[in-house]
Amino acid sequence: MYLPPHDPHVDDPMRFKPLFRIHLMERKSATVECMYGHKGPHNGHIQIVKKDEFSTKCNQTDHHRMSGGRQEEFRTWLREEWGRTLEDIFHEHMQELILMKFIYTSQYDNCLTYRRIYLPPSSPDDLIKPGLFKGTYGSHGLEIVMLSFHGRKAKGTKITGDPNIPAGQQTVEIDLAHPLQLPDIENLRDFSELSRIVLEVQEQVRREEQEQEQEHRQEEEDCSQQAASQPAAKPLGGEGAEGEETAAGAEGTTQDKAPASQPFVLPMGVISRNEDYPRTCRICFYGTGLIAGHGFTSPERTPGVFVLFDDDRFGFIWLELKSFSLYSRIKVSFQNAQAPSREAFDEMLKNIQSLAT
């Protein structure tokens, strides 16, 4: 397992922790060992669930227990997961979230289901190369997000989750058709000025969506009327050409308006776990961020600012939360795991499955 660095050091490398290992002694002989806990390797089990998915089970969970009970286990987990002690955490809300995470993760005892992650495809027209990023999420610590591009939109999908927003949810969405022109550095310090700019763009986006919806309804009505009277022949290539022109126009607008760099500072009152963020940025876009209560209750998308710093770092200002998340690209090649090829690993799992049955 690759763990994010200790909060809030997003630029630090990922941390490596073995969870299980497979021994293939002979063609018809294999053993699985669970590596969880602090008492050394012990008996485990692996089962294929379906394509791109398998599960692990520890057969000796007593090896995960510590002599000092749950309190010692929690303190040890806190040092390893967060790089600090319980006495270092003064914020009551943060203590609550950390305890919730410990209870949630420790209950599985390394009996987990694994699903393959397919990284998003890369295009020369992308703003930056898509991929995995480490990001700060306030009291939740660092989480892993996958950035992908979809035409005029960019999306950040959570690979790891928290008690509020679980894994698999779209944490941020960036509207690449609506770049933001930030005020000068002095006015940028004023949160109300930035808020005014963002809310104006939000209203513009709403109007455009309403207009598009009306146009779509009008087109459907026109098509139904034409079908009732006489089918109308469409000019060859007309629709495709129009689509290409629109897409090219959108790309040109985004790229042409992007300056080389501009000064950047967080507005007063915006909280950031990492104060060591870049002081210049390339371009900013209007976007929305997903927030929710514990247990993913009452989720809603709220306005924010996507800030592109360079090829490997970006940020997001959560307007409603007055909070800032800093993201840094995961550059690890995952070579420490000494992983076999996809084909070899799939064959290995099949051999183990056949032995079990």
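**Close-up views of a cavity and a strand**

**View 1. The largest cavity holds about 80 Å³ of space.** The model is predicted, so local features need pLDDT of at least 70 and side-chain atom pairs count only at pLDDT 80 or more, whereas totals for chains, interfaces and linings use all residues. Residues are numbered from 1 along each chain as its sequence is written, and side-chain values use heavy atoms, with hydrogens and water left out. A cavity is a set of points, on a 1 Å grid over the protein atoms alone, where a 1.4 Å probe fits but cannot get out, and lining residues have an atom within 4 Å of a point; the volume is the space filled by probe spheres set on the points, which are joined across faces, edges and corners. Among the lining residues are Asp7, Arg15, Trp82 and His140. Because domain 1 (2-115) and domain 2 (131-192 + 260-355) both contribute to this lining, the cavity lies between them, the domain bounds coming from an automatic or database assignment.

**View 2. Strand E18 (residues 323-329) has 7 of its 7 residues buried.** Buried means under 20% relative accessible area with a 1.4 Å probe, protein chains only, and strands are DSSP runs of at least two residues, numbered from the N terminus. Ser323, Ser325, Tyr327 and Arg329 point one way from E18, and Phe324, Leu326 and Ser328 the other way.

**View 3. Strand E17 (residues 313-318) runs antiparallel to E18, joined by 6 bridges.** Two strands pair if DSSP finds at least two bridges between them. Arg313 stands opposite Ser328 in E18, and in the hairpin, with 4 residues between the strands, Lys322 takes a positive phi near 50°.

Key. 1 Å grid on protein atoms, 1.4 Å probe; cavity = no way out; pocket = protein on both sides within 12 Å on 5 of 7 lines; lining within 4 Å. Buried < 20%, exposed > 50% of the residue type's maximum accessible area, 1.4 Å probe, protein only.
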